Amino acid sequence: MTTSRAELGGTLYDIAVLGGGPAGLSAAVAAATQGSRTVLIEAGARPGGQYWRHRDGDDGALHHGWGQFRRLQRKSAAHHLLDHRFGHSIWHVERTAEGFVTHTTCDDVPRTLRSRTVIVATGAYDRQLPFPGWTIPGVFTAGAVQALLKGQGVLAGKRIAVAGTGPFLLPVAAGLAEGGATVVGVFEAGRPTAFGRHPIATLRNLPKLAEGAGYLSTLLKHRIPYRTRTTVVVAHGTDTVTGATVARLDDQWRMVPGSAREIDCDTVAVGYGFTPQTEIPLQLGCEMARDADGSLVARVDSRQRSTADGVYLAGEVCGVGGAQLAVTEGELAGLHASYTTHGSSVDRRRLTLLLRRRAAQRSFAAAMHQAYPVRDGWQSWLDEGTTVCRCEEVTAGTIREAVGDLGATDPRAVKLYARPGMGLCQGRVCGYATTCLVARANDRQPTADDLRGMAARPVAQPLTLGALAAGDDDNSS
């Protein structure tokens, strides 16, 4: 028996998929195809998330895997069991006797959606490391620069320096160059040749090598310098960026004496990996762990089940690994959640293929984390007056004083003493850096508990007090 889209309004869904990026879109299509009444909830105005952020009429020239996205989008739009809630920001999920209630806001109006099961596919955002001058207008995260280009067709600047670590720097620089910007250089803090230590993982993911080669070819075409063991350590300017200082780094990311030099640029795009959005898994009581890249992630089993009953996870929330891995995990989560909730049969051959694919993709992700580690030496770039928490204007010196003078032993205590993470972003920007600074000041490495202390939030996304006080319109679009 099938259910029409009109009949879905106001009902208890079998599955709510939280996030419309690669993992969420894949999960929603898989669940609906298996016969589960599914709702896909996405903060953006259209599907795709951050990875496939696009404009109306986009030809996909700036996107990798565009054909795959279009196929998923068509299946999603056509399926009668799949309801879509775009423009809905999820701020809280709670467990009830019948399953789960997902609280959202749409146009500042509160909404709730009820489901028996949830699949959390909330993705990740740019990890930021502070450095002198990083709060000057014209310093962007690498993801923000790419989002402007993909989503609005806007270049963040004319002369752009791309810096940080990880393979994500390559598509950002290539996209900017193809879009008409002058990329003055890609400054990679790590040493990508470290991938050579993981030949099996690399050979199992040859399309990734081809993708990287394509970006490098674009850099060569535009004569963009690519410097390893080098990064931006200072941004210059007052009202806007007027230049930057780059320096060579040693194995621990300390600046090599005498290597600093100034470059001419009006924009700096920096990216040091990604931070998974774990607010919802934390709200639902999922067991967490510190991943190889230093991120807080949620644990899952072979079926993408979390340690909390009825909660499945897919994509970056259970470990940063890229869009293709997210698509694979999303499909696995959708199939298994549908089987558990709706009793639908599962194609065993398809499951075997997906499990093999996930194993290969996860091995590549692990190799990537080992090849592009964030070393503690970045803290030596900071002077005592360098801002760490932009919202509350808390400096590196203040954070260190909270440890040395006030005896704070963990980030939560420093947050209470000195207020980093107490502003509008609630630690999304400064949480990782604060955690690292506190751990280093206590002569240890960050732990999962440290990261949890900065990431746990009863409100996952900002909302107004008016929306909170207004109540909600149950299952309303």
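Asp83 and Arg85 pair up through their side chains in a salt bridge, with N to O at 3.3 Å; the term covers a side-chain nitrogen of Lys or Arg within 4 Å of a carboxyl oxygen of Asp or Glu. Both partners sit out of solvent: Asp83 is buried at 12% relative accessibility, and Arg85 is buried too, at 4%. Here buried means under 20% relative accessible area, exposed over 50%, and partly exposed in between, using a 1.4 Å probe and protein chains only.

The model is a predicted one, so local features need pLDDT of at least 70 and side-chain atom pairs count only at pLDDT 80 or more, while totals for chains, interfaces and linings use all residues. Residue numbers run from 1 along each chain as its sequence is written, and side-chain values use heavy atoms, leaving out hydrogens and water.

In all, the structure holds 19 salt bridges. One of them joins Asp293 to Arg127, with the closest N and O atoms 3.9 Å apart. This pair ties together distant parts of the chain, 166 residues apart: Asp293 lies in the loop between β17 (288-290) and β18 (296-298), and Arg127 in the loop between β7 (124-126) and β8 (139-141). Strands (E, at least two residues) and helices (H or I, at least four) are DSSP runs numbered from the N terminus. Asp293 is buried at 14%, as is Arg127 at 3%.

A helix-to-helix case comes next. Glu329 and Arg362 meet at 3.0 Å, N to O, bridging helix α9 (residues 323-342) and helix α10 (residues 348-371) across 33 residues. Glu329 is buried at 2%, whereas Arg362 is partly exposed at 23%. Finally, Asp14, Arg37 and Arg116 are linked in a salt-bridge network.
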